[in-house]
Amino acid sequence: MIVGGLVLISLAVTTFMPAHMRVDGEGYAMASGAAGGFMNTRAGIAGPAITVYAQASRWPQKSFAATLQPLFFVAGAVSLAAKEISASEPMVTTAPWYLW
């Protein structure tokens, strides 16, 4: 429910955000990254949090799209590692080879 609520909030912010609204600074980027990391680890959807930051900071679309590919790769790898470390039983040994 928390992640679904965050997705809906992200959608509302990007849809109804005033044109004059603009954010700057590392704090906003870090908060967006933390929200995206949480959402990615919980449900595999980091995009809405990053998109809100991109819209609010007026991030150019071309560099935004290029940045998302490595960002999602690293976020996915870190999420997988976090789930593997915190699991009571290792996923690597319980999943069949063809799944990997």
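Q: What makes N40 count as buried in this predicted model?
A: Buried means under 20% relative accessible area. N40 has a relative accessible area of 13%, so N40 is called buried. This residue is found in helix α2.

Q: Which residues does N40 touch, not counting those up to four places away in sequence?
A: N40 touches I45, A46, A75, G76 and S79. Here a contact means heavy atoms within 4.5 Å.

Q: Why is the pair of Y53 and W59 called edge-to-face?
A: Let's take the two values in turn. Rings pair if their centres lie within 6.5 Å, and planes over 60 degrees apart count as edge-to-face. For Y53 and W59 the centres are 6.1 Å apart and the angle between the planes is 75 degrees.

Q: How many aromatic pairs does the structure hold, and which residues form the aromatic cluster?
A: The structure holds two aromatic pairs. Y53, W59 and F64 form one aromatic cluster.

Q: Is W59 buried, exposed or partly exposed, and how do you know?
A: W59 has 26% relative accessibility. Buried would need a value under 20%, and exposed a value over 50%. The value for W59 lies in between, so W59 counts as partly exposed.

Q: Why is F64 given its burial label?
A: F64 has a relative accessible area of 13%. That is under 20%, so F64 is buried.

Q: What makes R22 and D24 a salt bridge?
A: A salt bridge needs a side-chain nitrogen of Lys or Arg within 4 Å of a carboxyl oxygen of Asp or Glu. In R22 and D24 the closest N and O atoms are 3.7 Å apart. That distance is within the limit, so R22 and D24 form a salt bridge. The structure holds one salt bridge.

Q: How do you know whether R58 is buried, exposed or partly exposed?
A: R58 has 34% relative accessibility. This value is between 20% and 50%, so R58 counts as partly exposed.

Q: Where is M21, and which residues does M21 touch, not counting those up to four places away in sequence?
A: M21 sits in the loop between α1 and α2. M21 touches A56 and R58. M21 and Q55 are 34 residues apart in sequence and 9.4 Å apart in space, C-alpha to C-alpha.

Q: Why is M21 labelled as it is for accessibility?
A: M21 has 33% relative accessibility.

Q: Which residues of α3 are buried, and what do they pack against?
A: The buried residues of α3 are A49, I50, A54, A56 and S57. These residues pack against α1, α2 and α4.

Q: What is the volume of the largest pocket, and which residues are closest to its centre?
A: The largest pocket has a volume of about 290 Å³. Of the 15 residues that line this pocket, the closest to its centre are Y28, S32, A49, V52 and Y53. α2 gives the most to the lining, with five residues.

Q: How do the lining residues of the largest pocket divide by type?
A: The lining has 13 nonpolar residues, two polar residues and no charged ones.

Definitions and conventions. Residues are numbered from 1 along each chain as its sequence is written. This is a predicted model: local features need pLDDT of at least 70, side-chain atom pairs count only at pLDDT 80 or more; totals for chains, interfaces and linings use all residues. Side-chain values use heavy atoms; hydrogens and water are left out. Rings of Phe, Tyr and Trp (its six-membered ring) pair if their centres lie within 6.5 Å; planes under 30 degrees apart count as stacked, over 60 as edge-to-face and the rest as tilted. Buried means under 20% relative accessible area, exposed over 50%, partly exposed in between (1.4 Å probe, protein chains only). On a 1 Å grid over the protein atoms alone, a cavity is a set of points where a 1.4 Å probe fits but cannot get out, and a pocket is an open set with protein on both sides within 12 Å along at least five of seven lines; lining residues have an atom within 4 Å of a point. Grid points are joined across faces, edges and corners, and a volume is the space filled by probe spheres set on the points. Helices (H or I, at least four residues) and strands (E, at least two) are DSSP runs, numbered from the N terminus. Ala, Val, Leu, Ile, Met, Phe, Trp, Tyr, Cys and Pro count as nonpolar, Asp, Glu, Lys and Arg as charged, and the others, Gly among them, as polar.
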